Amino acid sequence: MDEAAQVLRAARARGWRIATAESCTGGLIAGALTDVAGSSDVVDRGYVTYSNQAKQDMLGVTTASLEAYGAVSEQVAREMAMGALAAAGVDVAVSVTGIAGPGGSAVKPEGMVCFGLATAQGVLTETVQFGALGRQGVRQATVKHALDLLLKACLP
C-alpha cells in the first residue's frame, strides 16, 4: 500500500515512532504499515482493542466515557489515541473505533468511524461517515483514512 510507505518515509524523516489503537479494523492499520519492508524502525506497536474491556485495560479508556458516549464516539477515540501514545511512548498514535457492519443504528449507522490522532501537541478527533460499503469496504476505507491522518501528522 503506497500510503503506508509514504507514512513510514515521513515518520522516518522526523525520527518519529508510531503506535496504532484499533477496534473496528482489528489490526489492519498496523498490518498495512508492517507490510512495508523495514517498517520496524518506525512502527512500535499496535493495540487491537475490540472489546470495551480491552479498551479500558490496554489504553485507559474510562468507564464513564464508554457509558456516556459509547465505544463508537470521538471521546473514546480520543482516549484510545492518548492511551496508546502514553503507553507506547511514541511520537504519534492513531485510533479508530466504528461500525464496520453489517448493521448499526439510526444514530450510529454502518460506516460511521471515529478517529483519534495524538501527538505531544495534542489530540485531534473526527467522525467520518463512509456509508454502507459492506464490512470489508468500511474497514479498508478506515485504514486509508487513518494512514492519511498519520501522513499529515508526520509531514513537517
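Where in the chain is the place of Glu22? Glu22 sits in strand β1, which covers residues 18-22; helices (H or I, at least four residues) and strands (E, at least two) are DSSP runs, numbered from the N terminus. The model is a predicted one, with local features needing pLDDT of at least 70 and side-chain atom pairs counting only at pLDDT 80 or more, while totals for chains, interfaces and linings use all residues. Residues are numbered from 1 along each chain as its sequence is written, and side-chain values use heavy atoms, with hydrogens and water left out.

Taken as a whole, the chain has six helices and five strands. Starting at the N terminus, the order of elements is α-β-α-β-α-α-α-β-β-β-α. Of the 156 residues, 51% are buried, meaning under 20% relative accessible area with a 1.4 Å probe and protein chains only (exposed is over 50%, and partly exposed is in between).

What Glu22 does have is a polar contact, side chain to side chain, with Thr25 at 2.6 Å. A polar contact is a pair of N or O atoms within 3.5 Å; within protein, one must be able to donate a hydrogen and the other to accept it, and residues adjacent in sequence count only if both atoms are side-chain atoms. A polar atom of the Glu22 side chain also lies 3.0 Å from the backbone nitrogen of Ala30.

Now for the nonpolar cores, each a set of buried Ala, Val, Leu, Ile, Met, Phe, Trp, Tyr and Cys residues joined through side-chain atoms within 4.5 Å. The largest has 30 residues, and Ile18, Ile29 and Leu33 are among those with the most contacts inside it. Helix α6 gives the largest share of this core, nine residues. A second, separate core has 16 residues, including Val61 and Met80.

Thr125, in strand β5 (residues 122-129), counts as partly exposed because its relative accessibility is 22%. The side chain of Thr125 makes a polar contact with the side chain of Glu74 at 2.7 Å. Thr125 and Gln75 are 50 residues apart in sequence, yet 8.1 Å apart in space, C-alpha to C-alpha.
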